[in-house]
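Okay, thanks everyone. Let me put the model up and then walk you through a few spots in it.

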Amino acid sequence: MDKLVIEGGVPLTGSIEVSGSKNAALPILFSSILLTDPVCFRNIPNLRDIHTTLKLLGMLGCACEHQKGRITVTPGNLLPEAPYDLVRTMRASVLCLGPLLARIGHARVALPGGCAIGARPVDQHLKGLELMGARFELEKGYILGRCRKLHGARITFDMPTVGGTENLLMAAALAEGETILENAAREPEVVDLANFLIACGARIEGQGTSRIHVMGTNGLRSVEYAVMPDRIEAGTFLVAAGITGGELLLRQCPVNALESVILKLQDMGMVVSATPAGVLAKCARPLRCVDVTTKPYPGFPTDMQAQIMALMCLAEGAGVVEESIFENRFMHVPELVRMGGNIRISGHTVMVRGVRHLTGAQVMASDLRGGAALVLAGLAAGGITEVSRIYHLDRGYEGIEDKLAAVGARIRREKE
Ligand code: EPZ
């Protein structure tokens with residue numbers, strides 16, 4: 001296992017190019033199952049979750065090829081099985097369910113268990129696909145799904161679910177007739193998936209709103225598609241500029257998708273501005289704590305909660321962070337406390353009281369974004385911070401230590 005060793009206290013300056021979005025790339029790669037011809041993708045980040053997805057697509061009968069920053073997926077004779085060994089390493093594997101049912105009418109996909117941040121059931125995915133004509137059984141931990149031909153339906157989600165909306169959007173693209181998704185997720189990654197499907201000939205309207213309308217088609221045509229840049233990676237680097245008192249220019253930064261994050265950082269006292277070259281973030285004076293509640297898009301993203309909490313640890317005053325999406329997404333708190341953070345958890349909220357300094361410590365990443373928060377804290381802390389279990393970070397941040405080192409961070413990867 002690798003760890004990151006960080007010597008904090010250097011203001012980061014320079015420019016960073018934002019990578020392609022993990023959470024847009026995953027559903028888009030799975031949607032290749034809906035096609036029959038090879039489809040070519042650009043701007044796919046080089047991450048562990050992407051490697052897992054390509055491995056799973058290979059097991060499902062697709063040939064995947066990397067060439068000069070492009071990934072080509074050629075769907076072959078499709079096989080219906082997503083094994084537990086892969087699903088347990090990446091819950092997003094369940095996104096193959098909708099496309100498999102739409103293309104071949106059956107699927108055997110391991111039921112994802114809970115993970116560090118919450119129970120994360122997939123009942124909304126199954127409920128929607130049932131309304132479209134699929135039947136499910138649970139057998140030895142596997143979801144067995146069958147259908148003749150999926151048909152359109154009106155589906156109202158109990159809550160806006162990103163993965164649920166994506167699974168049903170993909171299924172509806174090839175279903176017979178009209179599907180309406182109500183209370184759909186409005187996240188930019190859902191919009192990127194819809195845009196890809198539309199480029200392939202799918203008839204979709206309303207993406208980015210809570211009512212998505214899909215008219216099924218018989219087949220989709222292949223295109224070449226560039227995945228959107230990663231708003232959460234970009235947001236993490238904005239915080240890196242703030243927490244180190246530096247100045248960073250983020251190239252390829254999806255500024256519109258980051259509005260709620262940028263507004264909070266500005267409330268805290270950071271200067272964040274869109275320029276023709278990218279988004280410029282700097283921190284010229286002491287920051288102040290704010291209150292943050294995570295919400296579905298366009299609200300403040302749960303995937304940025306841990307990072308802004310790290311920033312608040314070193315801001316003036318006190319602020320409350322409320323997590324309203326996942327029930328257990330505060331695993332980074334005890335680790336930030338080990339670095340000197342003054343944070344108290346009470347149920348779904350935490351109270352952060354800013355301190356003057358954090359001190360380097362040995363800490364452990366418990367999940368992807370919690371791990372990112374520890375790296376951010378380490379960049380600002382006095383002395384050496386060692387973040388272990390960084391395989392969590394490798395799932396979602398492409399070359400994080402190289403990108404940070406290029407803007408001045410003293411950070412290196414070591415074997416534990
Ligand atoms: C996506 O997860 C992201 N993952 C997560 O990114 C992100 O935190 C999350 O959306 C929320 O924005 C990918 O895109 C691959 P949900 P997803 O379905 O789709 C409940 C990261 O760090 N729910 O929108 O799994 C669920 O438990 C991560 O990159 C049900 O109850 O999230 C949660 O409380 C981790 N039943 C809420 O809805 C369901 O059937 C939102 O979950 C589905 C969801």
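This is a predicted model: local features need pLDDT of at least 70, side-chain atom pairs count only at pLDDT 80 or more; totals for chains, interfaces and linings use all residues.

Residues are numbered from 1 along each chain as its sequence is written, and side-chain values use heavy atoms, with hydrogens and water left out.

So, the sheet. Four strands make up an open, mixed sheet, and the order is β22-β23-β1-β24. Helices and strands here are DSSP runs, H or I of at least four residues for helices and E of at least two for strands, numbered from the N terminus. Two strands pair if DSSP finds at least two bridges between them. At the edges you have β22 (362-364) and β24 (410-415); each has a single partner strand, so one side of each has no neighbour in the sheet. On average, neighbouring strands here are turned by 25° against each other, direction ignored. The axes behind that are lines fitted to C-alpha atoms, for helices over the stretch in contact, and angles run from 0 to 180 degrees between N-to-C directions.

Packed on this sheet is helix α12 (residues 368-380), which touches β1, β22, β23 (384-388) and β24. The direction of α12 makes about 30° with that of β1. Contact, by the way, means heavy atoms within 4.5 Å. Strand β1 (residues 2-7) runs antiparallel to β24, with six bridges between them; Lys3, for one, is bridged to Glu414 in β24.

Now, is Lys22 buried or exposed? Lys22, in helix α1 (residues 22-30), is buried, because its relative accessibility is 8%. The cut-offs are under 20% relative accessible area for buried, over 50% for exposed, and partly exposed in between, with a 1.4 Å probe and protein chains only. Leaving aside neighbours within four places in sequence, the contacts of Lys22 include Asp49, Asp230 and Arg395.

Arg48, in helix α2 (residues 48-59), is partly exposed at 35%. Beyond four places in sequence, Arg48 contacts Tyr391, Asp394 and Arg395.

Last stop: helix α4 (residues 97-104), mostly covered, with six of its eight residues buried. Among the elements covering those buried residues are α1, α5 (123-131) and α6 (162-173).
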